[in-house]
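Trainee: I would like to learn how to read protein surfaces beside DNA, and then a strand pair. Please show me the model.

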Amino acid sequence: MNPILLPVPSQFSFQECLWFLDRNYDDCLHEVRENSVLKLLSINEILTLIEIKQFDKYLQIEVLLGEYDEEKIRQFVTEWFDLERDLSPFYNLLAQDQDLKYMTSSYYGLRLLGIPDLFEALCWSIIGQQINLHFAYKLKRRLTETYGEKICHQQVDFYIFPKVEMIASLTVEELKNLQFSTRKAGYLIEIARHFSEGLLSKKMLESLSTDEAIKKLVSIRGIGEWTANYALMKSLKRLECITYGDVGLYNALNSLKNFPKKPLRKDLESFFHTFKNWEAYTVFYLWRSLAVKNNAIP
DNA sequence: GGCCAGGACTCAA
DNA sequence: TTGAGTCATGGC
């Protein structure tokens, strides 16, 4: 099978994206290697393993196992790496901020890495609520290895996130055995049931304005303002989303702009007003600033 | 051993 | 709208 080629946009750095995907965390849903990333997908209900690397001005996607559906794979990778975005307006805004302008060169070409599947994005954000990321990734791995499907390629297991029906069929006790708290277990199961009963879907949210989508999400138990914004940013790429309440965001603003540890709403709003329509990218780059790589932080 | 981590919920003022 | 109390569980 011929590899699928995707032309890379300008202001794109595959290495920056790969590095963020890795970030010293143990993510069970992709594997970053020297110059490539491997990921298992479900394409037309068939487990499909792809490997992405850069080849000249193209991303080269090789289908190692499974379904060679070029259009769907192309679409997934485009969404995952946010390839269709022109970042120049964002970089122009960053360049005007004395404290953040270093990002235009230090993080040049970093894309907002998405979670195209809304269910997965919501589950991941609920898992990540209030606990440190190391533990959050551990929980995600346990959940995925216990209830997700896998495929083996050259002695390595690759997983996809558990399906809606699987999570919807679980009991709170089963998740507590994986060290989920009682509340989180309940939240995850309830959200899975919303999906399985057709009360929530990505398509449904896509037809709504961002404010309406947040309202809809927040009406579900376990989804607060932070989770709603996170999911809309990562899954629907709504760039005006801001993860209010986010400890990581606050830490970054504290160290780069001397914001207090718990900034006031109006001060956040006024800061983000400067980055209108690029709020989510700003949040993402601020998260990036928290991760240390070769002392790249000024 | 105590504080903290990419929060949510409830209740009170 | 904002604040305090509560819930949970592992990392450091």
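Trainee: How do the residues of the surface near DNA strand B divide into nonpolar, polar and charged?

Mentor: This is a predicted model, where local features need pLDDT of at least 70, side-chain atom pairs count only at pLDDT 80 or more, and totals for chains, interfaces and linings use all residues. Residues are numbered from 1 along each chain as its sequence is written, while chains are lettered from A and ligands numbered from 1 in the order in which they are written. A residue is near a strand or molecule if its C-beta atom, placed from the backbone, lies within 6 Å of it. Ala, Val, Leu, Ile, Met, Phe, Trp, Tyr, Cys and Pro count as nonpolar, Asp, Glu, Lys and Arg as charged, and the others, Gly among them, as polar. Here the division is seven nonpolar, 10 polar and three charged.

Trainee: Which element gives the most to the surface near DNA strand B?

Mentor: Helices (H or I, at least four residues) and strands (E, at least two) are DSSP runs, numbered from the N terminus. The answer is α12, with four residues.

Trainee: What about DNA strand C?

Mentor: There, α6 gives the most, with three residues. Two nonpolar, six polar and four charged residues form that surface.

Trainee: How many bridges join β6 to β7?

Mentor: Two strands pair if DSSP finds at least two bridges between them. Four bridges join β6 (residues 150-153) to β7 (residues 156-159), and the two run antiparallel. Ile 151 has Phe 158 as its bridge partner in β7. Two residues lie between the strands of this hairpin, where Gln 154 takes a positive phi near 50°.
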